[in-house]
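Work through the exercises below with the structure in view. Try each task before you read its solution.

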Amino acid sequence: MFGQLSERFESALRRLSGESHLSEANVREAMEDVRTALLEADVHYDVVASFCERVQQEALGEAVLKAVKPGEQMIKIVNDELVRLLGGDEALEAGEEAVDPSQAPPPIMEVVPGPTVVMMSGLQGSGKTTTCGKLAAYYKKRGKKVLLAAADLQRPAAVTQLRVLADQVQNDVEGAGSVACYAEPEKVAEYGKAVGAAVTVCKNALARAKRDEVDILILDTAGRLHVNAELMGELRQVAGAVTPHQILLVIDAMTGQDAVNSAKAFDEQLEIDGVVLTKYDSDTRGGAALSVRQVTGRPIKFVGVGEKLDALEAFHPTRVAGRILGMGDVVSLVEKAQEQVSEEEALALQEKMAKGQMTMDDFLGQLRAIRRMGSFKSLLGMLPGVGQAIKDLPIEEKQIDRTEAIIQSMNREERKGRAALDNSRRRRISRGSGTQAEDVSQLVKGFEMVSQMGKAMSGMGMLSKAKSMAG
Ligand code: GDP
């Protein structure tokens with residue numbers, strides 16, 4: 001997703017970041033590239049026009065033209081506008097800690113007792129029934145008791161499909177909650193003849209949900225190939241009869257602007273609360289994701305990222321914007337680093353390093369922190385200059401234990417890192433710690449490299465820079 005858009009954005013902005021100051025001409029030129037990139041990504045024309053207008057206006061403001069680093073300012077403006085376009089990060093604005101989307105509480109889907117009624121709507125083939133199953137799985141994992149109601153009576157197979165999904169979630173998805181299905185298959189025959197068969201199913205399902213003290217009732221309603229009056233009439237009747245807390249519209253990202261147009265039509269007739277964008281995994285351009293909020297005024301709440309039951313994610317505009325601009329990973333990396341080292345610790349160490357006073361024990365502490373960041377070693381490697389230096393650091397658990405043993409076998413001066421270790425001392429230390437002389441040499445080398453890097457980094461103000469990025 002967003003691959004090509006991301007490349008085009010990056011190259012347009014990279015050109016500006018080389019400029020020592022911005023002129024109206026080169027801002028306009030970069031905005032032309034941004035405009036083309038958005039149109040090629042199939043973003044709605046009006047959305048592109050207003051996006052470019054806003055960015056350009058801000059970029060040409062006094063503050064930016066006179067800024068010390070106009071390129072960076074420009075990236076910030078584009079980033080903020082992208083976040084806005086994608087809906088603002090409502091989960092974060094609500095004060096939720098959404099560091100890992102899979103762990104984050106669902107944005108805005110407040111679960112109230114008695115139960116929370118979620119009505120799912122959408123055109124046929126959009127992925128509505130599958131999404132009902134995924135939502136059930138999402139809440140089962142979070143300890144909720146879920147009832148799925150089979151109110152799509154138009155497509156006979158839909159009732160069976162929902163029952164099968166409910167069984168799958170109940171049996172295969174781990175979690176403290178539970179999932180069951182309410183269905184009245186005989187109503188399928190009534191559909192189209194008797195008015196309100198689906199309404200009856202929904203009302204009965206609600207009664208069952210109350211009786212069984214269910215937390216969340218999810219209604220799978222009928223779809224059609226296209227938006228039409230009959231469908232909207234039925235959905236309005238259902239909504240009127242059970243007054244859902246949330247009406248979610250499921251749209252297929254792969255259908256691009258058609259999805260956005262149908263979202264607009266649904267919202268005009270049904271007043272939806274939010275959108276679930278399915279097949280996000282297969283959409284290479286991203287036009288629907290970037291248009292839906294502005295065209296409908298409704299936020300994307302979840303995205304479907306595959307056919308499996310766990311392929312549903314809460315949608316976080318700030319992270320998506322970061323990914324489009326190619327800076328998401330660094331921000332997550334710094335966040336992750338901050339989780340491992342407190343601000344006071346970092347500042348104290350920074351000062352020591354700047355003065356060349358880092359000790360072997362500090363070094364060991366650093367190795368442990370990098371170790372706790374786990375796979376982030378590979379990300380650290382992406383930072384210019386750092387990758388090379390940390391490539392050979394001993395950060396596997398066993399190596400860290402060995403490093404600790406070596407440091408413990410050193411005398412006080414050696415532990416401060418200021419006494420030179422000749423061969424005989426290296427041999428003594430390796431014997432004392434049950435390691436090889438090469439292990440001691442490797443540790444000394446790593447220590448020296450990190451001390452030097454620390455001095456250089458504090459000279460460049462890299463630590464405070466990284467912090468302000470995460471800030
Ligand atoms: P409905 O008619 O709206 O109920 O659509 P279905 O739930 O039956 O889904 C239609 C097809 O889309 C099925 O083959 C699903 O497996 C597939 N599908 C649904 N959501 C996703 C998704 O997020 N990603 C992908 N790749 N396929 C999906």
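**Exercise 1.** Find which members of the largest nonpolar core touch the most other members.

*Solution.* Start with the term: a nonpolar core is a set of buried Ala, Val, Leu, Ile, Met, Phe, Trp, Tyr and Cys residues joined through C-beta atoms within 7 Å. Buried means that 20 or more other C-beta atoms lie within 10 Å of the residue's own, with C-beta atoms placed from the backbone. The largest core has 99 residues, and Ala136, Leu148, Ala149, Leu217 and Ile218 touch the most other members. Next, look at the sources: helix 10 (residues 197-211) gives the largest share of this core, seven residues. Helices are DSSP runs of H or I, at least four residues, numbered from the N terminus. Domain 1 (3-90) and domain 2 (100-324) each supply at least three residues to this core. Those bounds come from an automatic or database domain assignment.

The model is predicted: local features need pLDDT of at least 70, side-chain atom pairs count only at pLDDT 80 or more, and totals for chains, interfaces and linings use all residues. Residues are numbered from 1 along each chain as its sequence is written.

**Exercise 2.** List what Alanine 136 touches.

*Solution.* Contact means C-beta atoms, placed from the backbone, within 7 Å. Leave out residues up to four places away in sequence; Alanine 136 then touches Val146, Leu148, Ala166, Val169, Val179 and Ile218.

**Exercise 3.** Say which residues come nearest to the ligand.

*Solution.* Count a residue as near if its C-beta atom, placed from the backbone, lies within 6 Å. Of the 18 residues around the ligand, Gly127, Lys128, Thr129, Thr130 and Gly304 come nearest. Helix 7 (residues 128-141) gives the largest share of this shell, three residues.

Notes: Buried ≥ 20, exposed ≤ 12 C-beta atoms within 10 Å, placed from the backbone. Helix = DSSP H or I, 4+ residues; strand = E, 2+ residues; numbered from the N terminus. Contact = placed C-beta atoms within 7 Å.
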